[in-house]
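Work through the following exercises with the sequence and the coordinates open beside you.

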Amino acid sequence: MSATRNRRSVISEEVAPWSEIPRLLRGGEAGTLVPVIIPRHRRRVWWMLPLWLGVFAVLTGVMLAVQDASTDAGDLAYGALATTAYVIGVLLLLGGGLWWWRSSIVEIEQGTTGILTRYGAIVRTLDPGRHYLWHPWSRVDFVVDTATEIPYSAPVVACPTRENVPLRSIEFFLKFRITDAVLFVRTIGAGNFDLVLSSAVQDAIRQRGRQVQTERAYDLRGSDVADMQELLNRQLDRYGVRITGSNIPDVQLPAQYQQHLATRERVAKERTAYEQEWGLIRKRRIDQLGMDIERAKKVRDARIVEVKAALNQAREQVAQLLEEQETEAQKVRFEIETRGRSGLIAAENEARAQRRLAQAYRDNRAVLQYELARRRLDVGATLAASAPQPVVVRTDGSAAGGDHSALTTLLTAQLLPRLSALPGPAADGEDGTRD
């Protein structure tokens with residue numbers, strides 16, 4: 001259904017039998033687009049002839065059956081003729097009915113729409129599938145392709161640009177679909193639609209060509225043509241046609257501009273090649289720098305790991321040293337505590353011993369003092385027993401009844417020194433007392 005490249009598509013309608021409709025709708029004839037087929041009908045009213053003949057035969061049989069004969073042979077002959085007429089009539093009626101049933105069958109191809117007419121007037125549309133047209137003068141006059149997006153190519157020759165330079169050609173490609181089969185057939189038809197569509201496309205492309213500069217004409221290839229498509233849809237909506245897609249696949253410039261653009265393209269390609277080469281060099285350098293950075297990161301990470309390991313080892317050593325020092329301090333503390341406890345116990349023991357010794361000394365001293373006091377008493381008793389009797393000399397002259405004379409005083413003075421110079425028990429008693 002697509003036209004040859006750089007050639008304008010042609011839309012037409014064909015008259016074909018029902019068996020050729022699928023081929024024409026899908027492929028067309030000699031590069032033409034055939035969205036509408038006029039079926040070549042074989043349907044005639046000849047099926048009414050056997051029906052009328054069958055009715056005539058049945059009526060003849062009825063007339064022969066009611067015919068009154070004068071003889072038995074005549075009745076038998078009329079009965080046989082009536083039976084024959086009945087059989088022929090029934091066969092004709094059955095044959096006519098089958099012929100009528102077979103000629104009323106119409107099959108609409110999938111993706112198409114049939115337009116039913118009666119006495120030349122459009123009655124309704126027929127969906128894909130089998131239909132029965134019992135009316136003798138009902139027929140399908142058009143089969144319209146309403147499901148396929150039909151491609152259409154319309155190259156425009158000598159299209160002027162903004163500088164009024166005629167381009168060699170601009171090829172415009174679009175796809176359209178018939179949305180209303182009755183409106184399309186009744187309003188314009190396939191042949192007239194080809195002229196209308198070609199004219200509308202030519203006008204739209206020339207308006208677009210007037211908006212671009214000659215040097216930028218190649219920018220039309222693959223450009224956005226949504227505005228052109230909208231414009232064409234507004235123009236073709238009255239015919240029951242909808243454009244579903246469009247683009248400009250190719251633009252051909254004059255020879256002078258082609259050379260100029262070829263030079264530009266060569267320079268652009270060289271520039272692109274230089275840019276790609278520089279991009280590769282830049283990418284290589286960036287990759288090298290990235291590798292150096294990654295290597296430096298790895299070295300840094302390794303050093304960080306080493307520093308962390310050394311730090312952990314130092315921490316472990318410090319922790320071990322602290323633990324050893326703490327253990328040593330604990331040991332020294334235990335030793336000091338042990339010594340202190342030993343000293344304390346020894347001091348307590350010594351204090352107990354001293355206390356006991358003091359207690360014992362106090363007890364012994366009391367005993368000694370007791371013994372000494374007893375001995376003194378014994379010595380005193382001994383001394384008292386052996387001590388001389390004292391001589392009391394009264395010289396105060398106050399005794400009653402005494403007569404002290406000067407002779408008595410003289411004798412006493414002479415005897416006392418002698419008594420004190422003599423050794424005796426009195427002296428020993430005094431020394432022991434001193435002791």
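Predicted model: local features only at pLDDT ≥ 70, side-chain atom pairs only at ≥ 80, totals over all residues.

**Exercise 1.** What span should the 21 residues of helix α5 (residues 189–209) have, and how far apart are its end C-alpha atoms?

*Solution.* At 1.5 Å a residue, α5 should span 30 Å.

**Exercise 2.** Which residues of α5 are buried?

*Solution.* Begin with the cut-off, since a residue counts as buried when its relative accessible area is under 20%. The buried residues of α5 are Gly-189, Ala-190, Phe-193, Asp-194, Leu-197, Ser-198, Ala-200, Val-201, Ala-204, Ile-205, Arg-208 and Gly-209. To read this list, recall that an α-helix has 3.6 residues a turn, so residues three or four places apart point the same way.

**Exercise 3.** Where is Val-10 placed, and what is it in contact with beyond its neighbours within four places in sequence?

*Solution.* Val-10 belongs to strand β1 (residues 10–16). At 32% relative accessibility, Val-10 counts as partly exposed, because that class lies between the limits of 20% and 50%. Once neighbours within four places in sequence are left aside, Val-10 is in contact with Thr-32, Leu-33 and Asp-194. Of these, Thr-32 is 22 residues from Val-10 in sequence, while the two C-alpha atoms are 4.9 Å apart in space. Asp-194 leads back to α5, where it is one of the buried residues.

**Exercise 4.** How many bridges join β8 to β9, and in which sense do these strands run?

*Solution.* First consider strand β8 (residues 150–160), in which 9 of the 11 residues are buried, so this strand is largely enclosed by the rest of the structure. Next, count the bridges to β9, of which there are 10, the two strands running antiparallel. Individual partners can then be assigned: Tyr-152 is bridged to Leu-174, and Ala-154 to Phe-172. Finally, look at the connection, where β8 and β9 form a hairpin with 5 residues between them, and where Asn-164 in the turn has a positive phi of about 65 degrees.

**Exercise 5.** Is Glu-171 buried or exposed, and which side chain does it join in a polar contact?

*Solution.* Glu-171 is located in strand β9 (residues 166–178). Its relative accessible area is 7%, and Glu-171 is therefore buried. The side chain of Glu-171 makes a polar contact of 3.3 Å with the side chain of Ser-153. β9 also pairs with strand β10 (residues 241–252), in the antiparallel sense and over 9 bridges, one of which links Ile-178 to Val-241 in β10.

**Exercise 6.** Where in the protein is confidence lowest, and where is it highest?

*Solution.* Start from the whole protein, for which the mean pLDDT is 76 and 79% of the residues reach 70 or more. Confidence is lowest in helix α9 (residues 425–434), with a mean of 43, and highest in helix α6 (residues 226–236), with 88. Over residues 425–435 the pLDDT is below 50, and this stretch has 8 contacts in the model beyond near neighbours in sequence.

**Exercise 7.** How many helices and strands does the protein have, and what share of its residues is buried?

*Solution.* The secondary structure comprises 9 helices and 10 strands. Of the 435 residues, 26% are buried. Among contacts between residues at least 6 apart in sequence, 70% join residues at least 24 apart.

Definitions and conventions: Residues numbered from 1 in each chain as written. Heavy atoms only, no water. Expected span 1.5 Å × (residues − 1). Buried < 20%, exposed > 50% of the residue type's maximum accessible area, 1.4 Å probe, protein only. Polar contact = N/O pair within 3.5 Å; in protein donor to acceptor, adjacent residues only side chain to side chain. pLDDT = per-residue confidence, 0-100. Contact = heavy atoms within 4.5 Å. Pairing = 2+ DSSP bridges.
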